[in-house]
Amino acid sequence: MEEIVNRVANSVLQVFDLEDYYPEGPRFSLDVSQWLYEGLVLREKDFREQLKNHNWETYKDGFVALSCSTDAIVPAWAFMLITAYLEPVAKNVFWGTIPQMEIGLYQEILQKLDYSSYQDKPVIIKGCSRKPVPQEVYVLATQKLMPVAKSIMFGEACSAVPVYKRK
């Protein structure tokens, strides 16, 4: 019998798994309209009082996406004030939806990565993941890897799709 050899493990192919960079922690969507009069009007005194009495510990060590589900015109300082309450307890605060927040989280992480280990090597950006990886993040990862990688593929080693090859 011939020995089975894992050629992928023995190759220079580098796997870039975006799931490895997924920031752990609960996700919260915080709708500001709950603190507006009839969901539309910000009454400063009432607004400040409601924020002061809100249980901010609910968001401890989580990622919070701030939004307003109504057509209210909410001044920027209102979101700044909410952020001031969240900052001591939450890991991070974003403006937008949870999917937009996921993109922002990955953007922050991918901007800080050192890509030198992928220098002049073929790279496969892993395609299957159990955690949410937005399409925009694959685009960003490709942009970050193109200046260093010899080539970029998408998917799994057994069925990779060529994406980029340096000329």
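This report walks through the sheets, cores and helix packing of a predicted model.

## Ground rules

Since this is a predicted model, local features need pLDDT of at least 70 and side-chain atom pairs count only at pLDDT 80 or more, while totals for chains, interfaces and linings use all residues. Numbering starts from 1 along each chain as its sequence is written, and side-chain values use heavy atoms, with hydrogens and water left out.

Helices (H or I, at least four residues) and strands (E, at least two) are DSSP runs, numbered from the N terminus.

Axes are lines fitted to C-alpha atoms (for helices, over the stretch in contact), and angles run from 0 to 180 degrees between N-to-C directions.

Between β3 and β4, which run parallel, there are 4 bridges. A65, for instance, has F94 as its bridge partner in β4. Contact, here and below, means heavy atoms within 4.5 Å.

## Two nonpolar cores

What goes into a nonpolar core? It is a set of buried Ala, Val, Leu, Ile, Met, Phe, Trp, Tyr and Cys residues joined through side-chain atoms within 4.5 Å. Buried means under 20% relative accessible area, exposed over 50%, and partly exposed in between (1.4 Å probe, protein chains only).

The largest nonpolar core has 23 residues, and L30, F47, W56, V74, I82 and L86 have the most contacts inside it. At least two residues each come from β2 (27-31), α2 (44-53), β3 (63-67) and α3 (76-86), and α3 gives the most, with 5 residues. Leaving out residues up to four places away in sequence, L30 touches W35, W56, Y59, V64, A65, L66, S67, I82 and L86. Apart from this core lies another one of 18 residues, including Y115, V123, V133 and A149.

## The four-stranded sheet

The other open sheet listed here has 4 strands, ordered β1-β5-β6-β7, with mixed pairing. Its edge strands are β1 (14-16) and β7, each pairing on one side only, and the twist averages 25° from one strand to the next. Strands β1 and β5 (residues 122-126) run parallel and are joined by 3 bridges; F16 has I125 as its bridge partner in β5.

V161 lies in β7 (residues 161-165), and with 46% relative accessibility V161 counts as partly exposed. Residues up to four places away in sequence aside, V161 touches I152, M153 and F154. V161 and I124 are 37 residues apart in sequence, with 8.8 Å from C-alpha to C-alpha.

## Helices α4 and α5

Helix α5 lies across β1, β5, β6 (151-155) and β7, running at about 165° to β5. Helix α5 (residues 135-145) also packs with α4 (residues 98-112), at an angle of about 15° and with axes 10 Å apart. The pair is therefore roughly parallel, a label for angles under 35 degrees, with over 145 roughly antiparallel, 65 to 115 roughly perpendicular and the rest oblique. On the α4 side the contact is made by I103, Y106, Q107, L110 and Q111, and on the α5 side by E136, V137, L140, A141 and K144.

Definitions and conventions
Pairing = 2+ DSSP bridges.
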